[in-house]
Amino acid sequence: MVFRKPPDGGWGWVIVVVSFFTQFLCYGSPLAVGVLYLEWLDAFGEGKGKTAWVGSLANGIGLLASPVCSICVSSFGARPVAIFSGFMVAGGLMMSSFAPNIYFLYVSYGIVVGLGCGLLYTATVTITCQYFDKRRGLALGLISTGSSVGLFIYAALQRELIELYGLDGCLLIVGALSLNILACGSLMRPLESSSSPPPEKTCVEKVPDQYFVYHEKEKTAEENISILEKGYTDEKCVNNVPDCKQESILNKNVLSAININEKDTYKKKVVEQTNFCKQLAKRKWQLYLTYWKETMVLFKNKVFSALFVAILLFDIGGFPPSLLMEDVARSANISEDDYYMPLISIIGIMTTVGKLILGILADFKWVNTLYLYVTTLLMTGVALFAIPFAKSYLTLAMLSGILGFLTGNWSIFPYVTTKTVGIEKLTHAYGILMFFAGLGNSLGPPIVGWFYDWTQEYNTAFYFSGFCVLLGGFLLLLAALPCWNACTNQSSKLPPNTYSYKVASNA
């Protein structure tokens, strides 16, 4: 498949719209799972750490499977993957309405819905990056706001549906809404060059086609000979019966000779097929080796290595508030009469604002996106340290808004990755980074929940979360400092097609 130059518009804006609604529909419920979390605590009576696994798996399992998701999108394309994943998300949500215990939810809501969301996220980000170059930051910012708007709307929607139809009815209705992902996925037209010829196949790939053509030609020739012989024999049998008997005896001898030749030909073809299978297995093994070599090359880039540590620690510490903030307010004995808006909804709307503003800032040439990302990490760590000191709804709402805005740095993370490794290695590198992000998403809420189960308060948990985010931010800042560039240029030479952040940002 040969891709054209990114059009930076045209059908690309349709891709932005459908990607926005795809993320809105698939991530609305998992990101607003804090509302469901309170219901599951009351319904199943399990501990906070154990129950938090449901929401953390739903948001983390798709990211953990990012390398597999990237391979699926690269192999099948964004459109088929999006349509298939729509069925997964809708089916997982509907199955969750029949959950008899928390372990069933681990599979139906955590794994099935989470994996579907991961596939959809990879598909939308990949196809958007293919359609945009100069306006990539804006485009990524727009589509990533879909999940934030979904968080804002689904937080209130799920609470209202629970009051009207109960927890089971809420999940059934939300699952039915997710079927609209199929319509969005059908509009994700791949960016291909129809005028350019397809790439030439390798020798190994040519073998089955050549063998098939040869086999068909041989078979056709044999059929033609047999038809002619049959017609000639039938004609002679009508005219002369004794000659017909002699001809039939001769034909039997000829057929026996042909059968011997067919056996030799069959043996020859079996050998050819065996050799083809060996060559194919060898080629696949070489592809796997190449994949791991390219992975090791990526980790030789100091900024990329620091980036994967930063995203891991950020998700361990920065994700729990979006899941547990409602329970934090309940644990602080804040009256429901003081609630003007759900805290999760505040996080959602401010995340939307943050994604848009940070995405627009990333498109300015004078803005270094890596330093911008580091700034959001450090500010997030400070905000997490302040949560234990918030004892009223107003202060929790203010901190929720700040954390929501800073969480909008997800919109510039693909941009930072592209500038770090180059567009050619985006899918590969992004899949690896999302794996570590998923690991952080999966571990963060249960760790915070376990801290509460042990200490019966959230203070220690959020001190730990803030420390993790600050540590990741400082490590990434140290790796990005200009003083390291001279040392890197003297001590190591990057292989072809691998870029340091400084080179890529100036390109």
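Reply: Start with the rings: the structure holds 15 aromatic pairs. This is a predicted model, where local features need pLDDT of at least 70 and side-chain atom pairs count only at pLDDT 80 or more, while totals for chains, interfaces and linings use all residues. Residues are numbered from 1 along each chain as its sequence is written, and side-chain values use heavy atoms, with hydrogens and water left out.

Me: Why does Phe451 count as buried, and why does Phe464 count as partly exposed?

Reply: Buried means under 20% relative accessible area, exposed over 50%, and partly exposed in between (1.4 Å probe, protein chains only). Phe451 has 17%, so it is buried. Phe464 has 30%, so Phe464 is partly exposed.

Me: How do you know that Gln456 is exposed?

Reply: Its relative accessible area is 52%, so Gln456 is exposed. Gln456 lies in the loop between α17 and α18. Its phi is near 60°, a positive value in a residue other than glycine.

Me: What makes Gly317 buried?

Reply: Gly317 has 0% relative accessibility, so it counts as buried. It belongs to helix α11 (residues 302–318). Beyond its neighbours within four places in sequence, Gly317 is in contact (heavy atoms within 4.5 Å) with Leu384, Ser465 and Val469. Phe462 is 145 residues away in sequence, yet the C-alpha to C-alpha distance from Gly317 is 7.6 Å.

Me: Why are α12 and α15 called roughly antiparallel?

Reply: Helix α12 (residues 320–331) and helix α15 (residues 393–407) pack at about 180°, with axes 12 Å apart. Axes are lines fitted to C-alpha atoms, for helices over the stretch in contact, and angles run from 0 to 180 degrees between N-to-C directions. Under 35 degrees is roughly parallel, over 145 roughly antiparallel, 65 to 115 roughly perpendicular, and the rest oblique. The two helices are therefore roughly antiparallel. Pro321, Met325, Val328 and Ala329 in α12 meet Leu396, Ser400 and Leu403 in α15.

Me: What makes Glu46 and Lys50 a salt bridge?

Reply: Their side chains meet at 3.5 Å, N to O. A salt bridge needs a side-chain nitrogen of Lys or Arg within 4 Å of a carboxyl oxygen of Asp or Glu, so this pair qualifies. The structure holds 1 salt bridge. Glu46 has a relative accessible area of 29%, so it is partly exposed. Lys50 is partly exposed too, at 29%.

Me: How many helices and strands does the protein chain have, and what percentage of its residues is buried?

Reply: The chain has 20 helices and 0 strands. Buried residues make up 48% of its 507 residues.

Technical notes
Helices (H or I, at least four residues) and strands (E, at least two) are DSSP runs, numbered from the N terminus. Rings of Phe, Tyr and Trp (its six-membered ring) pair if their centres lie within 6.5 Å; planes under 30 degrees apart count as stacked, over 60 as edge-to-face and the rest as tilted.
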